[in-house]
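Subject: Structure for your study

Dear colleague,

Please find the structure below, together with its sequence.

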Amino acid sequence: MIQLYYDSRTGNVERFINKVTQITGWTATKVSPELLVEEPGHLITFTTNFGQIPKPTEEFMNRNSSKIYSITSSGNRNWGRNYGVAADKLSMAYDIPIAMKFELSGTLEDINQFIEIIKNNYYDSERRSQELDIA
């Protein structure tokens, strides 16, 4: 079973996650600073303040980055080069591959693409950064 961890403030990421879990049956847990990950998985977060990592995500990653296999970020294309940049910053800080970026709560195409990326690159839940950076 694939485990997803997510952070959502406005509900965009949560809507994306709800659709993914409905389609796949995967398990999703909302991140919190005190959460200690037991089951390795994939992080889906958002970009805030025109290019910042959300504080709860940052605190979660400080404790759990070794158990995160990939990072996906929601963003807004109106932010130009800062679109989904939280994924870029987290990827660089923790040496974790970016699975993808999607706008706001994502389209059905984004959801299907995410599912395929995770299934095809992480079916056995191993961290293989050289294979995943396709964002």
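Ile96 counts as buried, with a relative accessibility of 1%; buried means under 20% relative accessible area, exposed over 50%, and partly exposed in between, computed with a 1.4 Å probe on protein chains only. This residue is found in the loop between α3 and β5. Ile96 and Ser66 are 30 residues apart in sequence, and their C-alpha atoms are 8.9 Å apart in space.

Please note that this is a predicted model, in which local features need pLDDT of at least 70 and side-chain atom pairs count only at pLDDT 80 or more, while totals for chains, interfaces and linings use all residues. Residues are numbered from 1 along each chain as its sequence is written, and side-chain values use heavy atoms, with hydrogens and water left out.

The chain as a whole

The protein chain has five helices and five strands. Helices (H or I, at least four residues) and strands (E, at least two) are DSSP runs, numbered from the N terminus. Along the sequence, the pattern is β-α-β-β-α-β-α-β-α-α. Of the 135 residues of the protein chain, 50% count as buried. Contact means heavy atoms within 4.5 Å. Among contacts between residues at least 6 apart in sequence, 75% join residues at least 24 apart.

The sheet

The five strands of an open sheet stand in the order β2-β1-β3-β4-β5, with parallel pairing; two strands pair if DSSP finds at least two bridges between them. Strands β2 (27–30) and β5 (98–103) are at the edges with a single partner strand each, so one side of each has no neighbour in the sheet. On average, neighbouring strands of this sheet are turned by 20 degrees against each other, direction ignored. Axes are lines fitted to C-alpha atoms, for helices over the stretch in contact, and angles run from 0 to 180 degrees between N-to-C directions.

How many bridges join β3 to β4? Six bridges link β3 (residues 41–46) with β4 (residues 68–75), and the two strands run parallel. Thr45 has Ser73 in β4 as its bridge partner.

The helices

Helix α1 (residues 12–24) has 13 residues, which at 1.5 Å a residue should span 18 Å; its end C-alpha atoms are 19 Å apart, which agrees. The expected span is 1.5 Å times one less than the number of residues. The buried residues of α1 are Asn12, Val13, Phe16, Ile17 and Val20. Seen down the axis of α1, these residues fall within an arc of 125 degrees, so they line one face of the helix; the arc is that of the directions from the helix axis to the C-beta atoms. Gly25 follows α1 and has a positive phi, near 80 degrees.

Helix α2 (residues 55–64) lies across β1 (3–6), β3 and β4, running at about 160 degrees to β3. Its buried residues are Thr57, Phe60, Met61 and Asn64. They fall within an arc of 100 degrees, seen down the axis of α2, so they too line one face of the helix. These buried residues pack against β1, β3, β4 and α3, whereas the face of α2 turned away from them carries the exposed residues Lys55 and Asn62.

In α3, the buried residues are Val85, Ala86, Ala87, Leu90 and Ser91, and they pack against β3, α2, β4 and β5. Asp95 follows α3, with a positive phi near 55 degrees.

The nonpolar cores

In soluble globular proteins, nonpolar side chains tend to be buried together. A nonpolar core is a set of buried Ala, Val, Leu, Ile, Met, Phe, Trp, Tyr and Cys residues joined through side-chain atoms within 4.5 Å. The largest such core has 18 residues, and Leu4, Phe16, Val20, Trp26, Ile44 and Phe114 have the most contacts inside it. At least two residues of this core come from each of β1, α1, β3, β5 and α4 (108–122). Helix α4 gives the most, with five residues. Apart from this core lies another, of 14 residues, among them Tyr5, Val37, Ile68 and Ala87.

A buried loop residue

Asn76 is found in the loop between β4 and α3 (85–94) and is buried, at a relative accessible area of 18%. Leaving aside neighbours within four places in sequence, Asn76 is in contact with Tyr83, Glu103 and Leu104.

With kind regards
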